[in-house]
Amino acid sequence: MPRPSARIALTVAATLVPMLALAGSVFLNGVNIDGVRNQRFEKATVRVDAEGNVHIDAPGYAARVTTVTPTPAPAKAPSTSSPGPAPAGAPADAGVAAAVPPTSTPSVPGRITQRYWLVTEQTTPGMTDFDIDVYVNSRWVRRLRNNEDQVVLEVTGQLRPGPNAVTLIARKTNPGSRRSTSASNVFKVIIGEGNEGGGNVMIDTPLIRFQKTAADAQDATEEFTLTTR
């Protein structure tokens, strides 16, 4: 039985052909995305086969197979007995991608109307030797372990309307016995707006990107501001 899949859309433009009127399935670069709605793809070729299946060929879009992880209950604020230390100051590693701050302060909505997801990507699980703790508004959410498969986690319930402080803390788990020192082994964390349908998750607006590689030897902390809408 095929597993649910998570997809990350990095750019959005041309209108997707409506799917509800078609009897067949919908495939993005060969991967079934039945259930996904309200998506647009740039520079895409659309064809319909003899069985009525719609095939979308869109270079630059990637699909991965994963299991959707339920949203965990909010944890207590970090303390000396919590799974990790409280969020610390400025970025500690120059190789970590920083979020671009908003150019203006938007009005704070009365409620959150979008859904927000966290997705991990690893070149080879376990090779970077980094575990990453995730905090939202100083509350510990979970630890992303370097030896686990891809994580797809909805974090909407951890956010509040308007600006939110998101802190990612990466710690080297085996500093004295590294499995790899190659920069090609990468552990990425992406947080953004998305939606779920038919067991599939698609992030169509990435807002936060954080990564560590096996070449990095030092722990690192990065703070971001995520403004919901």
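These questions and answers walk through a predicted model of one protein chain.

Me: How many helices and how many strands does the protein chain have?
Reply: Start with the overall make-up. The chain holds 229 residues. Its count is zero helices and 15 strands.

Me: What share of the residues in the protein chain count as buried?
Reply: A residue is buried when its relative accessible area is under 20%. Apply that to the 229 residues of the chain. The buried share is 42%.

Me: Which strands are the edge strands of the open sheet with mixed pairing?
Reply: Four strands form this sheet, in the order β3-β2-β5-β4. An edge strand here pairs on one side only. The edge strands are β3 (31-32) and β4.

Me: What is the bridge partner of V26 in β5?
Reply: Strand β2 covers residues 26-28. Three bridges join β2 to β5, and the two run parallel. In β5, V26 has as its bridge partner V54.

Me: Where is N53 placed?
Reply: Look at the strands on either side. β4 covers 45-48 and β5 covers 54-57. N53 sits in the loop between β4 and β5.

Me: Why does N53 count as buried?
Reply: The cut-off for buried is under 20% relative accessible area. N53 falls under that cut-off, so it counts as buried. Its relative accessible area is 17%.

Me: Which backbone nitrogen does the side chain of N53 reach at 2.8 Å?
Reply: N53 touches G24, S25, F27, R47 and V48, leaving aside residues up to four places away in sequence. The side chain of N53 reaches a backbone nitrogen at 2.8 Å. That nitrogen belongs to S25.

Me: Why is one side of β10 and of β15 left without a neighbour in the sheet?
Reply: These strands belong to an open sheet with antiparallel pairing, in the order β10-β9-β12-β15. β10 (139-144) and β15 (220-227) stand at its edges, so one side of each has no neighbour in the sheet. Each has just a single partner strand.

Me: By what angle are neighbouring strands of this sheet turned against each other on average?
Reply: The sheet has the order β10-β9-β12-β15. Direction is ignored for this angle. The average is 20°.

Me: What is the bridge partner of V166 in β15?
Reply: Strand β12 covers residues 163-172. β12 and β15 pair in the antiparallel sense over eight bridges. In β15, V166 has as its bridge partner F224.

Technical notes. Residues are numbered from 1 along each chain as its sequence is written. This is a predicted model: local features need pLDDT of at least 70, side-chain atom pairs count only at pLDDT 80 or more; totals for chains, interfaces and linings use all residues. Side-chain values use heavy atoms; hydrogens and water are left out. Buried means under 20% relative accessible area, exposed over 50%, partly exposed in between (1.4 Å probe, protein chains only). A polar contact is a pair of N or O atoms within 3.5 Å; within protein, one must be able to donate a hydrogen and the other to accept it, and residues adjacent in sequence count only if both atoms are side-chain atoms. Contact means heavy atoms within 4.5 Å. Two strands pair if DSSP finds at least two bridges between them. Axes are lines fitted to C-alpha atoms, for helices over the stretch in contact, and angles run from 0 to 180 degrees between N-to-C directions.
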